[in-house]
Amino acid sequence: AQNKEFVCRGHDYERLEAFQQRMLNEFPHAIAMQHANQPDETIFQAEAQCIHIITNPYTAVNVFHAFKKCRYPYSQFQSHLWVERTTLILVQSLPGISRWFEVEKREVVEMSPLENAIEVLENKNQQLRTLISQCQTRQMQNINPLTMCLNGVIDAAVNGGVARYQEAFFVKEYFLNHPEDGEKITRLRELMLEQAQILEFGLAVHEKVVPQDMRPLHKKLVDQFFVMKSSLGI
């Protein structure tokens with residue numbers, strides 16, 4: 001398995017530490033790498049045997065690297081940093097009966113902070129629409145998922161989420177430095193206004209089905225929503 005990469009499905013409820021220990025038992029001479037960054041080519045040519053394991057919280061699988069070593073670039077997103085998105089192309093399609101799927105190709109795409117903000121809003125707006133629709137058609141056994149989503153979006157917006165987008169992208173300095181981003185800035189603005197409309201409709205739906213003991217929380221969401229609208233200039 002030298003210089004190969006795999007997507008692995010661990011045992012049910014297996015912690016990353018336990019999975020890593022299993023791999024180290026299988027490769028007793030390997031060194032466990034303790035970070036989540038892809039190695040460069042010089043490390044693949046090194047003599048020492050290393051194992052690099054990271055977990056993917058979104059798909060509940062582990063990515064297993066049988067490398068030689070690794071590097072340490074930054075791994076956080078801020079308003080002035082770009083985001084790296086990595087796509088793993090496997091030799092077999094998922095799901096499958098095997099617990100190990102070899103990675104055939106790795107594709108890395110850089111996303112600007114503006115592009116990332118657009119994607120975040122697009123995904124959240126779609127999530128809100130789905131939950132609202134499920135609540136309307138009584139597909140939900142309880143409204144907690146909708147309540148939590150409304151609360152998360154509105155609370156984040158009131159506590160600086162929307163303001164951060166405005167401070168980062170809707171200022172003259174950004175326009176001057178990034179004239180090519182005009183259409184993307186327009187798209188971000190549209191998504192922010194669209195989200196406000198979705199939230200307003202979602203709160204109306206929520207009000208019809210919210211149980212009595214959750215009425216105070218609903219009122220808080222409505223009050224916070226008007227603050228959010230005001231910050232958007234609506």
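**Entry 1: a pocket**

I started with the second largest pocket and found that helix 5 gives the largest share of its lining, seven residues. For a pocket I used a 1 Å grid over the protein atoms alone: it is an open set of points where a 1.4 Å probe fits, with protein on both sides within 12 Å along at least five of seven lines, and lining residues have an atom within 4 Å of a point. Helices here are DSSP runs (H or I, at least four residues), strands are runs of E (at least two), and both are numbered from the N terminus.

A note to myself on the source: this is a predicted model, where local features need pLDDT of at least 70 and side-chain atom pairs count only at pLDDT 80 or more, while totals for chains, interfaces and linings use all residues. Residues are numbered from 1 along each chain as its sequence is written, and side-chain values use heavy atoms, with hydrogens and water left out.

Back to the pocket. I noted a volume of about 490 Å³ for the second largest pocket, taken as the space filled by probe spheres set on the grid points, which are joined across faces, edges and corners. Its lining has 22 residues, and Val120, Gly161, Val162, Arg164 and Tyr165 lie nearest the centre. Helix 3, helix 4, helix 5 and helix 7 each give two or more residues to this lining.

**Entry 2: the whole chain**

Next I stepped back and counted eight helices and six strands in the protein chain. I wrote their order from the N terminus as β-α-β-α-β-β-β-β-α-α-α-α-α-α. Of the 234 residues, 36% count as buried, where buried means under 20% relative accessible area, exposed over 50%, and partly exposed in between (1.4 Å probe, protein chains only).

**Entry 3: helix 7**

I then followed helix 7, which has 28 residues and spans 41 Å from first to last C-alpha, close to the 40 Å expected at 1.5 Å a residue. The expected span is 1.5 Å times one less than the number of residues. Which elements do the buried residues of helix 7 pack against? I found helix 3, helix 4 (144-158), helix 5 (161-169), helix 6 (172-177) and helix 8 (215-232). The buried residues of helix 7 include Ile185, Leu188, Leu191 and Met192.

**Entry 4: salt bridges**

I looked for salt bridges (a side-chain nitrogen of Lys or Arg within 4 Å of a carboxyl oxygen of Asp or Glu) and noted 12 by this rule.

An α-helix has 3.6 residues a turn, so residues three or four places apart point the same way. Arg187 is partly exposed at 30% relative accessible area, and Glu190 is partly exposed at 43%. Salt bridges with shared partners join Glu122, Arg187 and Glu190 into one network.

Where in the chain do the partners Lys4 and Glu102 lie? Their salt bridge has its closest N and O atoms 3.5 Å apart. Lys4 is in strand 1 (residues 4-8) and Glu102 in strand 6 (residues 100-111), 98 residues apart. Lys4 is partly exposed at 37%, and Glu102 is partly exposed at 28%.

My last pair was Glu119 and Arg85, whose side chains meet in a salt bridge at 2.1 Å, N to O. This pair links helix 3 (residues 113-136) to strand 5 (residues 83-90), 34 residues apart.

Definitions and conventions: Contact = heavy atoms within 4.5 Å.
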